[in-house]
Amino acid sequence: MESYLSSIIKQFEYYKSLGDRTVAQLDFEQLLWQPNEESNSIAVIVKHMVGNMLSRWTNFLTEDGEKEWRYRDEEFINTFNSKEEIIAAWESGWFCLFDAIKPLKTEHLEQIVYIRNGGHTVIEAINRQLAHYSYHVGQMVFLGKLLKGDAWESLSIPKGSSSQYNLNKFSQNKGKRHFTDDL
């Protein structure tokens with residue numbers, strides 16, 4: 001179970017880095033762009049993720065993950081005035097998450113925590129949030145790619161580079177490692 005804890009931290013770090021690298025490629029106006037009224041901009045996605053992170057990870061082991069002070073519907077209204085504000089909010093959410101999960105020990109993993117009075121083991125709650133955040137980071141990356149077009153800098157294996165990537169991977173000795181170790 002120690003490997004689960006170290007792996008999950010690396011997974012969260014990976015998705016944070018995808019968001020970081022997406023936001024870095026865009027200017028403030030691009031971060032506010034939304035394809036239509038019913039869709040969310042990257043700024044709004046960030047605001048929602050941060051609201052969720054602060055609610056879920058504050059006092060993670062001892063309080064319900066849906067805090068009374070969270071106003072989820074307001075997360076879908078942009079209030080950012082600069083790219084710097086978006087980044088500061090983004091960082092605060094991730095700080096809260098890592099502050100909650102990095103001290104966890106294997107004995108915590110079967111403990112029950114609650115989200116809206118629904119009991120989850122710590123593992124289930126972590127997996128739920130990993131899926132939620134990867135879903136939204138994927139939306140951010142997709143919007144970034146749409147906005148940047150040909151100027152987009154790939155965040156993974158660029159198109160047409162799979163053979164070279166695989167050649168490099170298969171030239172290494174077999175061994176246990178996390179896929180993010182060489183990113």
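**Helix packing and a pocket**

Reader: At what angle do α1 and α4 pack, and how far apart are their axes?
Author: In this predicted model, α1 and helix α4 (residues 83–101) pack at an angle of about 180°. Their axes lie 12 Å apart.

Reader: Roughly parallel or antiparallel, then?
Author: Roughly antiparallel, because angles over 145 degrees count as such, and that applies to α1 against α4.

Reader: Which residues of α1 and α4 meet?
Author: From α1, they include Ile9, Phe12, Tyr15 and Val23, along with Glu13, Lys16 and Asp20. On the α4 side, Ile87, Trp90, Trp94, Leu97 and Phe98 are among them.

Reader: How do the residues of that contact divide?
Author: Into 11 nonpolar, five charged and one polar.

Reader: Switching to the second largest pocket. How much space lies in it?
Author: About 230 Å³.

Reader: Which residues lie nearest its centre?
Author: Lys145, Trp152, Ser154, Leu155 and Ser156, out of 13 residues that line the second largest pocket.

Reader: And which helices supply at least two residues of the lining?
Author: α1 (2–24) and α5 (122–148) each do. The largest share, four residues, comes from α5.

Reader: How many of the lining residues are charged?
Author: Two are charged, beside eight nonpolar and three polar residues in the lining of the second largest pocket.

Reader: Back to α5. How far apart are its end C-alpha atoms, and what should it span?
Author: The end C-alpha atoms of α5 are 38 Å apart. At 1.5 Å a residue, its 27 residues should span 39 Å, so the two agree.

Reader: What comes just after α5?
Author: Gly149, with a positive phi of about 55°.

Note on methods:
Residues are numbered from 1 along each chain as its sequence is written. This is a predicted model: local features need pLDDT of at least 70, side-chain atom pairs count only at pLDDT 80 or more; totals for chains, interfaces and linings use all residues. Side-chain values use heavy atoms; hydrogens and water are left out. On a 1 Å grid over the protein atoms alone, a cavity is a set of points where a 1.4 Å probe fits but cannot get out, and a pocket is an open set with protein on both sides within 12 Å along at least five of seven lines; lining residues have an atom within 4 Å of a point. Grid points are joined across faces, edges and corners, and a volume is the space filled by probe spheres set on the points. Ala, Val, Leu, Ile, Met, Phe, Trp, Tyr, Cys and Pro count as nonpolar, Asp, Glu, Lys and Arg as charged, and the others, Gly among them, as polar. The expected span of a helix is 1.5 Å times one less than its number of residues. Axes are lines fitted to C-alpha atoms, for helices over the stretch in contact, and angles run from 0 to 180 degrees between N-to-C directions. Angles under 35 degrees count as roughly parallel, over 145 as roughly antiparallel, 65 to 115 as roughly perpendicular and the rest as oblique. Contact means heavy atoms within 4.5 Å.
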